[in-house]
Amino acid sequence: MVLGLAVAGWLLMAMRPKLGLVTRLWSSDSARAFGVMSVVLLLLLAIAPAKNHFSEWRHYQNQYRGLIRSRADAVSLQRRLQPGIQQIWMPEYGVVDRCTTCHVALMEASLADVSTQPFRVHPPIPHKLTEFGCSTCHRGQGAATTVEEAHSSTKAWEQPLVPAKYIESSCGQCHLNNLAGTPQLNYGRKLLAREGCVRCHLVRQPDGTQMTGTDAPPTLQHITQKTTREWIYAWIKNPQAYSPTATMPNFGLSDDDARDVTAFLMAQSTSIALPGLSDAKPAAAKSSPDPTAGASLYGESFCASCHAVQNAAGTLVGGDLGPELTKIGTKAKPEWLGSWLRNPGAYDPETRMPHYRFSEPQIATLEGFLAAKADPDFVANVHLPDATAQQIAHGKALVNEYGCASCHAINGIRRPDNFAPELSRVGSRPLAQLVFAAGMRHTLPDYLGAKIRNPRSFGPSLKMPQFGLTAQQVDALTTALLALTDRAQSQPPALRIAAQPESHYDPAGPAGQLIRDLRCFSCHQINGRGGDMAPDLTWEGSSAQPKWLADFLKNPNTLRPALTRRMPKFNLSESEIKALSDYIMTAYQDPAFERDSMPASYAPALVEQGRQLFYSKYACQSCHIVDSAKDKGYVGPTLSQVGSRLTPAWIFQYLKNPQELRPGTIEPNQHLSDDDARALTAYLMSLTGKQLKTHSATTAHTQQEVGR
Amino acid sequence: MNRDLRQLVFSVLLLAVTGACTHKPPVSVAAAPTAFGAAITEVSGGKQIAPSGALLDQPVVVQVNDAQGTAVSGAYVEFRGPVGVAFDPAAGLTDSSGQFTSKVSLGGAAGRYHFTAATRDKGGKIYELKLEAIALDYQQGLGRQLSQQYCARCHDPESTPERVSNMDNLATKPHAFSDGETLNRISDADLVSMISHGGAALNKSAEMPPYGYTLSKGDIQSLVAYIRAIADPPYPQKGLVYAKN
């Protein structure tokens, strides 16, 4: 190309004197000149058909004819081949795709063995290519008819092909819900909300909703009561050194800046009345932390359902809903730990930690156990002089500059608006607006990836901090961001597949107060609101027997002995249990069937028939245990006491259609007849756990909750 | 004439300047090896399955050994693969434990990717380790998701922290989905039928429940596509079979 231009330029310059000759010729012999000019014009006219004849697409179509000639179904392939330029036009989408001009075999299933492009068969997707076009998902310039211009993968075109790695981003332009086939996109969206991205960056979804954070950054308004200035200093210098799983990013603060930020944070902190912090505690309860008692109380309370601790091998054991506790004793003051265990909501009303009803000795034991989990080395080298007013002022300026209040509540600092660039259309950001770092490929996915991986590589003075993300997480986030395109924002709403609407369900009355106090929504989902760690309780009133529910709330340890993530024991009072179970039994009923519509006990013949169906026809024992001596199935919950746990109407309805009652449960719908379902219900209702030993023989454990 | 010559020189210069300005990707130059091995083995990361175009979940780790089987540090290792497969880094020296780690991402088309890790001995003789990874297209990827949710508890002999394998608890051992020896001989239609109607309906173990009322037809087809994609030995390529002439 460059060579051609240069040669043409030289020819033109060299020909300039000769042009004079033409004019002279014109005046002297017009007939001859006319002849010469005609020939020249003819040649010029011939350029267009020649260009058409030697075009790339014609070359590929000819190549394709050669490819199919020797195949068994050559005739039908040949018949389906449309010669000439082909086009998929979708006016409502603004799509004009001529890709099928060269990609002629996209829908020829019999060419599945051909791996040379452009003749590869398109892999199966849920959409028809003729109805969705190509550039809708793959991007590129659909109207172009040369390889270079259509793909433009080698140049910084505005719309190059999106690499296969990020192709799920295209699904996300229309599908605002989570699809089973787009795990990377789903993960990326989850990370956007969980890693704090959307706390600084505004992300407005195409349906108008604004993405909100699902992480729970702690309040810093009373930080002096919780921890020391030395710990804050070491933490903000490198949060991942304290906990490798910390969400808090590294701001790369200099020693002086970190000193001043801590000075300000200490200065802005106010004291509030915390339970048990002011009153003098019994000395005996405070002084003797018994490590074995602490460990067993930590286990019994199922702290590990949410909190992880590093074991001797260095691997994290436990959930990730709350912070890692390996070095908690270094961070939290013992008296703060005590008050937090008494009632976390008193310090941080936004916390997801439930309000356990621990007794004073229990608090002393746990406080001692957690305080002993310390790593003095973490703060050993931190020596901070007393803060000066100037340092505090500088610290405040830094806190404003780095947008700390975007995530944390801080006294005297307002949560900044539009702190970071809005990302609602970042997937269509023109390359001309981007400043690339040296050595980077000039494409949008590369830019986004680099920005997420190492923000300061674009300049040491940039504010965006360093996140500790894995390569997979960076790819997932890039995919989620690439889905936020102009097309996604501007297309007709009818083309969008709506996201799961956010639920603002709030239970009423004293029971609602209890549900909030116990933070049930941290793990359970009710009416669309809440976490996914534990079973959905929306229809709990239809499924559970009242007595079982009350017993379970009193002592939840009996249901699934082998799970590591389990319902904690909150030490509820009798009146609290009654209020809660009454409310659940009344409010959380499935209107589709009557809870008490079926008898609780059945004729022995029907029970026996059900037992046979259970063991032979449906082989339920492959997944469920009834008799722990004989059955081994370990997928679904143990059923040896199911007759005193679930209502017969629920069992019957559940057997008939499990997914109807618990969407997504892996219990297969066996399409049972009413007779079989009734017999199985009779058998299951006979399993009250009274005649059988309930000792569980299994040693395996699972963290996954399976629908009951 | 003189002027023409000057113009020619000018054009050539222009050409040279534009040529020099075009961007050239930096070529990574690996350090010279400090030691040589006589064998190369896989430590981890072989036979991974990933969506097409994606980075493999685990990095590929290979180890260079000498003739006695002892690990050699400082030996040169180079990864090579077909177009589309990217290695980060593609070449380098083994670390103190004789190992070399590379993050591998697969090409955009689904299928099996064969790539090699190679090292040289002093005489320049090349030792090669053949590796394979499988890239899944959309349908196969969906099948993989469904398989992990509904099937893997019984069909996968391996347990993970999130999921305990139920295979050993069953009277009739299910086939692992990668068991090509058995599953390649079963037609697509038969696999769909087994998944939809369960074992009992086909005179097989009732421990395999029917999923035809739980999963959609498309879901079940995705599962079959996934089973075909990960078969070992590979499932014969779809397409017409030609008579040999």
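**Entry 1: the two domains of chain B**

I counted contacts first: 4 residues of domain 1 of chain B are in contact with 4 residues of domain 2 of chain B. Two residues count as in contact if their C-beta atoms, placed from the backbone, lie within 7 Å. I then sorted the domain 1 side that touches domain 2 by class, and noted 4 nonpolar, no polar and no charged residues. In this scheme Ala, Val, Leu, Ile, Met, Phe, Trp, Tyr, Cys and Pro are nonpolar, Asp, Glu, Lys and Arg are charged, and the others, Gly among them, are polar. Domain 1 of chain B covers 39-136 and domain 2 covers 138-229. The bounds come from an automatic or database domain assignment. I also looked up the distance between the C-alpha centres of the two domains, which is 31 Å.

**Entry 2: ground rules**

I am reading a predicted model: local features need pLDDT of at least 70, side-chain atom pairs count only at pLDDT 80 or more, and totals for chains, interfaces and linings use all residues. Residues are numbered from 1 along each chain as its sequence is written, while chains are lettered from A and ligands numbered from 1 in the order in which they are written.

**Entry 3: the open sheet**

I traced an open sheet of 4 strands in chain B, in the order 1-3-7-5, with antiparallel pairing. Strands (E, at least two residues) are DSSP runs, numbered from the N terminus. Two strands pair if DSSP finds at least two bridges between them. Which strands stand at the edges? Strand 1 (39-44) and strand 5 (86-88) do; each has a single partner strand, so one side of each is left without a neighbour in the sheet. The partner I checked for strand 5 is strand 7 (residues 99-105), joined to strand 5 by 3 antiparallel bridges. Within this pair, B:Phe87 has B:Val104 as its bridge partner.

**Entry 4: strands 4, 8 and 9**

I moved on to strand 8 (residues 111-120) of chain B. Strand 4 (residues 76-80) pairs with strand 8 in the antiparallel sense over 3 bridges. Here B:Glu78 stands opposite B:Ala118. Strand 8 also pairs with strand 9 (residues 126-136), antiparallel, over 10 bridges. There B:His114 faces B:Glu132 as its opposite residue. The hairpin of strands 8 and 9 has 5 residues between the strands, and B:Gly124 takes a positive phi near 90 degrees.

**Entry 5: confidence in chain A**

I checked pLDDT, the predictor's confidence in each residue, from 0 to 100. Chain A averages 86, and 90% of its residues score at least 70. Residues 280-285 of chain A fall below 50, with 5 contacts beyond near neighbours in sequence. Residues 692-708 of chain A are also below 50, with 45 such contacts.
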